[in-house]
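Here are some notes for a colleague who is new to this structure.

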Amino acid sequence: MRRLAAGAVVAMLLVGPAVAYKGERYAKDAKLNLKDARALALEAKPGRIISEALERKAGGSGLQYIFAVKAKGAVYEVGIDAKDAAILECRKEQNNKIRHN
């Protein structure tokens, strides 16, 4: 059993973090971390986050966390400014599809 657990730890270290998000390379430029941005997105639109990205995008500081939040059978795009935590958008997506640039 110990051998199996040790093997799992080694495999995790070799593979790296299991969860990454699109635009993670911009994280060093963000003042708001992903965890706090998620909380703000769910405050703006309660539901379940189904995708997330950090993008350079017009509006606000130009750096936004974009979340797709599923709520009541619909998908909403929630944009959070990555520098000042402002909620920049919260809108229902047509055809329940989210687009990340």
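1. A residue is called buried when its relative accessible area is under 20%, and exposed when that area is over 50%. The model is a predicted one. In helix α2, which spans residues 34-44, the buried residues are Leu34, Ala37 and Ala41. These residues lie on the same side of α2, because the arc they cover around the axis is only 60 degrees.

2. The other side of α2 has Lys35 and Glu43, which are exposed. Among the elements that cover the buried residues of α2 are β1 (48-56), β2 (63-71) and β3 (74-81).

3. At the start of α2, asparagine 33 places a side-chain oxygen within 3.1 Å of the backbone nitrogen of lysine 35.

4. The largest nonpolar core consists of 15 residues, and Leu54, Leu63, Tyr65, Phe67, Ile80 and Ala82 have the most contacts inside it. Two or more residues each come from α2, β2 and β3. The largest share, four residues, is given by β2.

5. Which residues does isoleucine 80 contact, leaving aside neighbours within four places in sequence? They include Leu32, Ala37, Leu40 and Ala41, as well as Leu63, Tyr65 and Phe67.

6. One aromatic pair is found in the whole structure. The ring centres of tyrosine 65 and phenylalanine 67 are 6.2 Å apart and the planes are at 20 degrees, so the pair counts as stacked. Tyrosine 65 is buried, at 1% relative accessibility, and phenylalanine 67 is buried at 0%.

7. Lysine 45 sits over the face of tyrosine 76, 4.2 Å from the ring centre.

Methods: Residues numbered from 1 in each chain as written. Predicted model: local features only at pLDDT ≥ 70, side-chain atom pairs only at ≥ 80, totals over all residues. Heavy atoms only, no water. Buried < 20%, exposed > 50% of the residue type's maximum accessible area, 1.4 Å probe, protein only. Arc of directions from axis to C-beta. Contact = heavy atoms within 4.5 Å. Polar contact = N/O pair within 3.5 Å; in protein donor to acceptor, adjacent residues only side chain to side chain. Core = buried A, V, L, I, M, F, W, Y, C linked by side-chain atoms within 4.5 Å. Phe/Tyr/Trp six-rings, centres within 6.5 Å; stacked < 30°, edge-to-face > 60°. Lys NZ or Arg CZ within 6 Å of the ring centre and 35° of its normal.
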